Amino acid sequence: MSLLGEDILTEEGEFIINMGPQHPSTHGVLHLKLWLNGEEIKRVQPHLGYIHRSIEKMSESLSYRNFIFATSRMDYLSAHMNNEACALTVEKGLGIEIPERAQVIRILMSELTRLASHQLWWGSTGLDLGAVTPFFYAFREREAIMGIMEETCGARLTQNYNVPGGVMADIHPNFQKHTKEVMQQIKSKLDEYDDLLSGNVIFEARTKGVGVLSKEDAISYGVTGPTARGSGVSCDVRKWAPYSGYEKVQFNEILEEGGDSYARYMVRMREMKESISIIEQLIDNIPDGDFQAKTKNVIKLPKGEFFQRVETARGELGVYIVSDGAASPYRVKYRSPNFSNLFALPIMAKGGKIGDLVAIMSTLDLVIPDIDR
Amino acid sequence: MLTVNVILGVSLIAFLVVLCFFLGYMERKVAAFMQVRLGPNRVGPKGSLQIVADTIKLLFKEGLTPDSSDRFLFNIAPFIVVVTSMLVVAPIAFAKDFQLYDIHIGVLYVSSISSMGVIGILVAGWSSNNKYSLMGAMRSGAQIVSYELSVGLSLISIVVLTGSLNLNEIVLSQQNGWWLFKGHIPVMIAFVIFIIASTAELNRAPFDLAEAEQELTAGFHTEYSGMKFAMFLLSEYINLFVVSAIAATIFLGGWMPFHLGTWEAFNHVMDYIPSVLWFFGKTFFIIFIIMWFRWTFPRLRIDQLLNLEWKYLLPISMINLILVTVMAIMNWHF
């Protein structure tokens, strides 16, 4: 059956529910059309376009310095990584090497962003499954990370810290001290997270064996990030195509074999520990030097096509720029992780209950503005 | 006599409304306490008037009736729910020699009236003409019909031990010790089952499938607003109080003070504490436990919810009832 099948009821007793675009658990303006038989889901069909802002088209009239910042509004929870992907593509086009200090700062900030993003995900997973309390615990730690971001980048959510050639400003003098404190705090609280949610009988019953995505399906749907790694697909861009000096740090790619919601949950829980380990390796070893390579005021990329991918908190973000030699891109295309991840939802949710759909959506960790752009 | 009854009735309703204000405040504070935050702290001393402010807001909101709804049923549903939950309060003994309606089949009355609230919920879900509401109502129906059995069976186990359906006599039978303590393990099992099953009957988390916000937006009361919505909230808190009061009466001795066998001096000291304090102390203890569930557990799925009842709680409570009966016949309790 085709993914976008006809809008007809195939069996007696089926009925259609429109979940969204205004719905508490779609985390934004996602619209899912559900074919139901009682509580059982027969078919899911995602409808997009409610938050389309034509970021790609808009970028064609922005300079290479400015178009980066539009991407903060795509996957706003990994804004720093989105910016980094664009900055890396422009640097690739210019053929410049960025200083080591800038690279390390980028990794540190990326991992902090990943931690903050996973924490928000953990909180909202609890919320989606009906446990309100985890949300507040997650936000306690996320708030501390936001504090570091505010101090160094000047912004909390859409940091806009990357520029072609490095980062916009040097780190705040208190950056290292505060980051170490926050890492200590998070490390001591991660066990609390497990106590509150991971080991809970109801939570396990709600997630184990729910929304199974096989390895083959994960690959053929182009699913990336923690969602794919929960199905045992090794796809961490940081390992397979290192950028920004990720080849120099020690970390493990987290893989789980289950493919169900619980496996995806565990991947993210374990990834938080890996991120902390990466930050702890680098926080005392930030090299001296410039935080930015020298670039011209007006950047012009040579004629050609440039592509760079990074691992955001949700999966693989690809940036594809076509340049005709002018001061702004001829064409920009983003390969966003959430778009591919969302379209694995219909096969995962089929045959489940409405409660399962909510569990699947929360472990897919969807950010809707990234799907529509 | 009629005037006295009317005054009593009106004052009971007023008392219940004030109590619900307090329960709403308590729930917010308990939730805040468990969620590392402060809770309401602006309106009135320590935020205690927040609920009053919220009620005033709800009073002034428009009570919308959707065009496509069944207007009569839609408007009457909140009242069915509130009236049934208020009726259950009648036979409860709040303090020594203070009972509004000393009916000799109290336990039967309580369990039959409390299961009538589901009619209001079903009517609300059906008449809203909204798919989410209907699903919430159907869930609620399936849930309450199932869990009613376990609630009834665990209440019957105490009826078997006491030999009376009268709530007052059940309280008096606990003069020498509460049933929870002198009933051995079977009564403890019955108590635990009662707490679980009645949490489910209350439609509260982790069994709040009827209004599962993340799945059904607001379940059966999606279309309700203003005071009609407040009625559902009111009935939820009255039910919470009623269930806890029943648990306190049946298992924890109601207004009966805590007595320890032959410790005369200790028992005397306990007797000095007014019986009304004993009753409300026990009730609020159980209310706190039920709130604790709500703020720590995730929600069950509908099939898991029904499995829990039909595969685990019901068989256990049936076997438990047999055990209690054997215990009562052989006189094995204190």
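This is a predicted model: local features need pLDDT of at least 70, side-chain atom pairs count only at pLDDT 80 or more; totals for chains, interfaces and linings use all residues.
User: Which residues touch the most other members in the largest nonpolar core?

Analyst: That core has 178 residues. The ones touching the most other members are A:L112, A:L345, A:I360 and B:A247.

User: And which helix of chain B gives the most to this core?

Analyst: Helix 11 of chain B, residues 226-251. Helix 11 supplies 16 residues.

User: Where does the core lie relative to domain 1 and domain 2 of chain B?

Analyst: It lies between them, because both domain 1 (1-60) and domain 2 (68-330) of chain B give residues to this core.

User: Back to B:A247. What does B:A247 touch?

Analyst: Setting aside residues up to four places away in sequence, B:A247 touches B:F194, B:I195, B:L252 and B:I286.

User: Which residues does the second, separate core include?

Analyst: The second core has five residues. Among them are A:Y262, A:A263, A:M266 and A:V267.

User: Let's do the domains. How far apart are the C-alpha centres of domain 1 and domain 2 of chain B?

Analyst: The two centres are 20 Å apart.

User: How many residues does the contact take from each domain of chain B?

Analyst: Domain 1 of chain B puts in 16 residues, and domain 2 of chain B puts in 17 residues.

User: Which elements give two or more residues to the domain 1 side?

Analyst: Helix 1 (2-34) and helix 2 (50-60) of chain B. The largest share comes from helix 1 of chain B, with 12 residues.

User: What's that side like by class?

Analyst: On the side of domain 1 of chain B that touches domain 2 of chain B, 12 residues are nonpolar, three are polar and one is charged.

User: New topic: the two chains. How many residues does the contact take from chain A and from chain B?

Analyst: Chain A gives 27 residues and chain B gives 23 residues.

User: Which parts of chain A supply at least two residues?

Analyst: There is a strand, strand 1 (15-19) of chain A. The helices of chain A are helix 4 (100-128), helix 5 (133-153), helix 7 (201-207) and helix 14 (354-364). By class, the side of chain A that touches chain B has 14 nonpolar, seven polar and six charged residues.

User: Now helix 3 of chain A. What should the helix span, and what do its end C-alpha atoms give?

Analyst: Helix 3 of chain A covers residues 79-94, so it has 16 residues. At 1.5 Å a residue it should span 22 Å. Its end C-alpha atoms are 23 Å apart, which agrees.

User: How many of its residues are buried?

Analyst: In helix 3 of chain A, 14 of the 16 residues are buried, and the helix is mostly covered. Just after helix 3 of chain A comes A:G95, with a positive phi of about 70°.

User: Where are they, and is each one buried or partly exposed?

Analyst: A:N160 lies in the loop between helix 5 and strand 4 (162-163) of chain A. A:N160 has 16 other C-beta atoms within 10 Å, so it is partly exposed. A:D365 is in the loop between helix 14 and helix 15 (368-372) of chain A. A:D365 has 27 other C-beta atoms within 10 Å, so it is buried.

User: Strands next. How do strand 6 and strand 7 of chain A run?

Analyst: Strand 6 (304-311) and strand 7 (316-323) of chain A run antiparallel, joined by eight bridges. A:F306 stands opposite A:I321 in strand 7 of chain A. The hairpin has four residues between the strands, and A:G315 there takes a positive phi near 145°.

User: What joins strand 7 to strand 8 of chain A?

Analyst: Five bridges join strand 7 to strand 8 (331-335) of chain A, also in an antiparallel pairing. Here A:I321 stands opposite A:V332.

User: Last one: B:G125. Where is B:G125?

Analyst: B:G125 sits in helix 5 (117-127) of chain B. With 29 C-beta neighbours inside 10 Å, B:G125 counts as buried. Beyond its neighbours within four places in sequence, its contacts are B:S133, B:L134, B:G136, B:A137 and B:F220.

Note on methods. Residues are numbered from 1 along each chain as its sequence is written. Chains are lettered from A and ligands numbered from 1 in the order in which they are written. A nonpolar core is a set of buried Ala, Val, Leu, Ile, Met, Phe, Trp, Tyr and Cys residues joined through C-beta atoms within 7 Å. A residue is buried if 20 or more other C-beta atoms lie within 10 Å of its own, exposed if 12 or fewer, and partly exposed in between; C-beta atoms are placed from the backbone. Domain bounds come from an automatic or database domain assignment. Two residues are in contact if their C-beta atoms, placed from the backbone, lie within 7 Å. Ala, Val, Leu, Ile, Met, Phe, Trp, Tyr, Cys and Pro count as nonpolar, Asp, Glu, Lys and Arg as charged, and the others, Gly among them, as polar. The expected span of a helix is 1.5 Å times one less than its number of residues. Two strands pair if DSSP finds at least two bridges between them.
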